[in-house]
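Visitor: I'm new to this one. Could you show it to me and let me ask how you know what you say about it?

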Amino acid sequence: MIGKIVRMGFVAAAVLAGAAAVKAEVVGKVGVDWIGNDIIVEAVADPKVKGVTCHITYFDRSVIDRLKKGNWFEDPSNNSIACRQTGPVEVGDIDLSKDGEEVFREGMSLIWKKLVVNRIYDRTNDTLIYLAHTRELTDGSAKMAISTVPLYGQQVNWVKGKP
């Protein structure tokens with residue numbers, strides 16, 4: 001509950017700051033123990049690639065767990081991602097550099113930690129790569145997950161022409 005409130009605050013702050021907020025829809029919530037910790041499953045549509053949806057999971061700590069372990073304002077960095085074609089694919093004006101671009105960002109703490117999804121286009125293999133990771137103020141985070149959506153052999157409409 002607290003984690004969701006924190007994340008909603010970050011989305012609101014991003015909207016107020018003029019950032020393009022991508023809407024995530026909670027499609028599942030699995031209770032993992034008796035104290036109220038949950039695994040949340042959200043669906044996120046890529047705003048620049050129509051027909052691709054990513055499902056992201058993350059851990060939402062309960063109030064009891066927060067009281068018991070301290071660290072009131074932060075959820076763990078554990079996350080997972082799976083992206084698939086969910087309709088006809090239309091690729092808009094995407095960043096084709098090796099850095100790719102941020103598709104989605106959601107707060108995981110009151111201030112600094114964010115769950116981020118970046119999209120990278122692999123030209124050689126004609127594949128979209130989605131990387132989920134956590135940004136932290138100190139030491140970053142080594143926890144990450146990756147998912148790919150192959151475009152090879154698919155009917156794909158490139159708005160600006162295929163690179």
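Visitor: How do you know how confident the predictor is in the protein chain?

Guide: This is a predicted model, and pLDDT gives the confidence in each residue on a scale from 0 to 100. The chain has a mean pLDDT of 78, with 68% of its residues at 70 or more.

Visitor: Why is Glu101 called buried?

Guide: Buried means under 20% relative accessible area. Glu101 has 14% relative accessibility, so it counts as buried. You'll find Glu101 in strand β5, which covers residues 101-107.

Visitor: What makes the link between the side chains of Glu101 and Lys48 a polar contact?

Guide: The cut-off for a pair of N or O atoms is within 3.5 Å. The side chains of Glu101 and Lys48 are joined at 2.9 Å, and that counts as a polar contact. Leaving aside residues up to four places away in sequence, Glu101 also touches others, including Asp93, Val117 and Arg119.

Visitor: Which residues touch the most other members of the largest nonpolar core?

Guide: Those are Val49, Ile81, Val117, Leu128 and Tyr130, out of 26 residues in that core. Several strands supply at least two core residues each, among them β2, β5 and β8. The largest share, 5 residues, comes from β3.

Visitor: What does Ile81 touch, not counting residues up to four places away in sequence?

Guide: Its contacts include Val117 and Tyr130, along with Cys54 and Ala145.

Technical notes
Residues are numbered from 1 along each chain as its sequence is written. This is a predicted model: local features need pLDDT of at least 70, side-chain atom pairs count only at pLDDT 80 or more; totals for chains, interfaces and linings use all residues. Side-chain values use heavy atoms; hydrogens and water are left out. Helices (H or I, at least four residues) and strands (E, at least two) are DSSP runs, numbered from the N terminus. Buried means under 20% relative accessible area, exposed over 50%, partly exposed in between (1.4 Å probe, protein chains only). A polar contact is a pair of N or O atoms within 3.5 Å; within protein, one must be able to donate a hydrogen and the other to accept it, and residues adjacent in sequence count only if both atoms are side-chain atoms. Contact means heavy atoms within 4.5 Å. A nonpolar core is a set of buried Ala, Val, Leu, Ile, Met, Phe, Trp, Tyr and Cys residues joined through side-chain atoms within 4.5 Å.
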